[in-house]
Amino acid sequence: MTAPILAVRGLVKRFGGLLATDAVDLDVRAGEIHALIGPNGAGKTTLISQLFGELRPDGGTIELDGKVIDGLSTAERVSRGLARSFQITCLLSDYSVRDNVAIAVQVRQGHSFRFLANVRADRELRAEADALLAGAGLAERAEEIVANLSHGERKQLELVVALASRPRLLLLDEPMAGLGHTESQQMIEMLRGLRETVAMLLVEHDMDAVFKLADRISVLVYGRVIATGSPDDIRDHPEVRKAYLGEGDETC
Amino acid sequence: MNGSSSARLVLVLVVLVALAALPSVADAMGQPALTSLATRILIYGIAAASLNLVLGYGGMVSFGHAAFFGIGGYVVGILYQHYASGEPLFGFVPGSNQLLVTVPAAILVSGVFAAIIGALSLRTSGVQFIMITLAFAQMLFFFFVSLKAYGGDDGLIIRRANEVPGLNMRDKQTVYYVCLAAAAIFFVLLWRVVNSRFGNVLVGLRQSERRMAAVGLPVYRYKLAAFVISGMGAGLAGALMANFMRFASPDMLHWTKSGELMVMVILGGVGTLFGPLAGAAVFIILETVLAAWTEYWQLGLGAILLFVVLYTHGGVQALALRLVGRRV
Amino acid sequence: MTLFLEQMLNGLQFGVMLFLMAAGLTLIFGIMGIINLAHGSIYMVGAYAGTLVIGQTGSFLLGILAALGAAAVTGVVMEMVVIRRLYRRDHLDQVLATFAIILILNQLVTILFGRQPLFVPMPPLLEGSVELLPGLVYPVYRLSIILVGLLVAAGLYLLINRTRIGMLVRAGSTNRDMVRALGVDIRMLYTLVFGLGALLAGLAGLMAGPILAVQVGMGEQILITTFVVVVIGGVGSIRGAFFASLIIGVVDTMLRAYLPGLLRQVMVGSEADALGAGISSMGIYLLMALVLLVRPKGLFAADS
């Protein structure tokens, strides 16, 4: 068994009287896709934001590669191998698709206190961005302004931009949300292709995708992890069925 | 893409030639005052373009840029006063009347102040940032008003413009050409900066700070760097203005001056390289024309500004383009 | 000691005036998300309208009505003609449009009344002074300002915590879209809130008349100080605005009253006076810088 790349211990976040994250313990191992499921409002995005340094937790520790990263800024966490995608896409909407990827590559390459050379004449940057886009089938859309992209394309671009920083652990916040069936299948294939290179914490409502992709699943309800285990364990877990899957069955 | 950028280069060159020929043409027309008008436009163009770097490219609405403009002016004025009296500033900094000394000093000091004010103001964003930059500029305004040793309320008279070896700076045309040279260097540098890696992240920050943080950018230091560069540019403009007017006063830091710089930016088009220069030209010419016509010119200015904000998107440039487009 | 108490009262009086301004700004920003630079202009309109009517009729009561009426009308017209178009715009457009309003109103007032400052007589009823404590004689007029300010604060507290409008204001300052979703007539609510803010500014302008000179530019002077209040108190918090107003009022007054004297003990009189005046006029801004270092969101801001 490999050592966890991400280890969360006793993480707590309060919003006023509401306990949004309630003593969460969570591991993601290298090479693993670990899905995080739970009903709406369970605190999944809040958890991701804390892992990524966008929200400050009220207690607990987060370790990346065995090193505590609690006090680090988002930028420092990214430089240590963390990246995330956003549920509601968060892209540079006036920029082209290529620019969005290139800027992520640029930031990964080091500081941007370079004032004189024209960034758009940088072939290396452009080549790497185009290669990443080609990998996601977005090569033809490279010149397009992000504001003109379809929802599905934006979701794909979110992922490409996250990959541009060459993460070792990807935090994916509902990458399938709002995608049609074909687009979802494409996204699943893409994520499956990535599992060799990058570990993932996958927050997702699409159970089909979760059971296809996940090595392990954790269930978050009211800010607490009520179960962690293999997809089969989770499917059969009584408490999970009651708290989560049962609910889902009724509506489906 | 290539065609339009080379067309733009031609346009810039044409404007540059026109600006170079302007004093002779003005004299030939018997309108030497035009040269002074053009000098002011160039200087305000530098200041407005500096503001535009944070405002238009970086999305930081600074309402206090007159502070750096004024500091630039005061550095020239104070150094001149110490040069004239022979007493060193703080007991060890000798005064100077050399433009090649005072202008870099002005840029440097403005940069230092921008670093301090920016470091504090950028801890916030949005509406707080606007209020705080305004408040700090007002603080410096009061500071210079109370600075009796340097003229206080009345300001500081600079008896002669700074000297440049080999040039006669008493000649208004020479001052114009010095300002034109400074503006040319400034705009070339600014053009490089906005297209550089630094400019790239700056424009990225305007679009989404959250995204830029998520790709791993330490956001704060880039915003601060942009703020400092911007303050230095405004300081340069202030130093030139003090030489042109031979006067530095708290009026240079007055909050309405910050507002006017913003107006120039929006008149010309936010986030464009030469827009602020065009905006400065529109503003200064408008001011001159309206002021010659009525004492209450600000009424007209206010009405025009209101119209531009409410009914045009992208300033006069965009409006002109749209009008032309409609006619075609 | 009595001098100190007197200065405390002066600070308090300045503080409540600031609060009248800050409360309006905060309400308008909190519920509509608008930064209104022209709030100071409404203050000026109130002062001029009051001055004019008092001068014509000699009645302070009519002056009050005129000031409040003129301010409210100015505010509502401003909202309907300009501000309403700015709700969906960014802060830059809001700043520029309201800056334009300042230019226009200042110029109009200059055309109507000239550049000379006007002076307003004290209302006869509130003339004179009372002895609050043995040796502490204080002008009745300034005491009345404090009283009015505190009453307004109490009224606002009740309005915000006990009424439906207040509930919307509170909800609106945290979640504007939610208020829209509640099916409230947003347009009406906005006009109402803007009118209320304008009323408070007009009241402040009127009360300032007999103490300060009524002149063009008076609005912007108090506006910028009010911004300092809002930043220190925390944007969007009425409670913060109240406490920060009092803090700023007292600190500013105390610095002006005592700093030159303190400095005179360590340096030459004229230099001390100049430096003292300089530092005390910068004092509140330095205080703001300090607050920004410690709590960038303001002293009373709710945690994110």
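Q: How much confidence does the predictor place in chain B, on average?
A: Good place to start! A score called pLDDT, from 0 to 100, gives the predictor's confidence in each residue. For chain B the mean is 90, and 94% of its residues reach 70 or more.

Q: Where in chain B is confidence lowest, and where is it highest?
A: The lowest mean, 56, belongs to helix α13 (residues 315-327) of chain B, while helix α9 (residues 219-245) of chain B has the highest, at 97. Where pLDDT is low, the predicted coordinates should not be read in detail.

Q: What does the radius of gyration say about chain B?
A: Compare it with what a compact globule would give. For 328 residues that would be near 20 Å, and chain B has 20 Å, so the two agree. Along its principal axes, the C-alpha trace spans about 60 × 55 × 40 Å. As for burial, 54% of the residues of chain B count as buried.

Q: Now for chain A: in what order do the strands of the open sheet lie?
A: In chain A the order of the six strands is β6-β7-β8-β3-β9-β10, with mixed pairing. At the edges are β6 (82-85) and β10 (224-229) of chain A, each pairing on one side only. On average, neighbouring strands are turned by 15 degrees against each other, direction ignored.

Q: Which strands pair with β3(A), and in what sense?
A: Look on both sides of the strand. β3(A) pairs in the parallel sense with strand β8 (residues 199-203) of chain A, over four bridges. Four bridges also join β3(A) to β9(A), again parallel.

Q: Where can I see an antiparallel pair?
A: Move along to strand β9 (residues 216-221) of chain A and β10(A), which pair in the antiparallel sense over five bridges.

Q: Why is β3(A) described as largely enclosed?
A: Check each residue for burial. Five of the five residues of strand β3 (residues 33-37) of chain A are buried, so the rest of the structure largely encloses this strand. Both faces are covered: A:Ile33, A:Ala35 and A:Ile37 are buried on one side, A:His34 and A:Leu36 on the other.

Conventions:
Residues are numbered from 1 along each chain as its sequence is written. Chains are lettered from A and ligands numbered from 1 in the order in which they are written. This is a predicted model: local features need pLDDT of at least 70, side-chain atom pairs count only at pLDDT 80 or more; totals for chains, interfaces and linings use all residues. The radius of gyration is taken over C-alpha atoms; the globule rule is 2.2 Å times the number of residues to the power 0.38. A residue is buried if 20 or more other C-beta atoms lie within 10 Å of its own, exposed if 12 or fewer, and partly exposed in between; C-beta atoms are placed from the backbone. Helices (H or I, at least four residues) and strands (E, at least two) are DSSP runs, numbered from the N terminus. Two strands pair if DSSP finds at least two bridges between them. Axes are lines fitted to C-alpha atoms, for helices over the stretch in contact, and angles run from 0 to 180 degrees between N-to-C directions.
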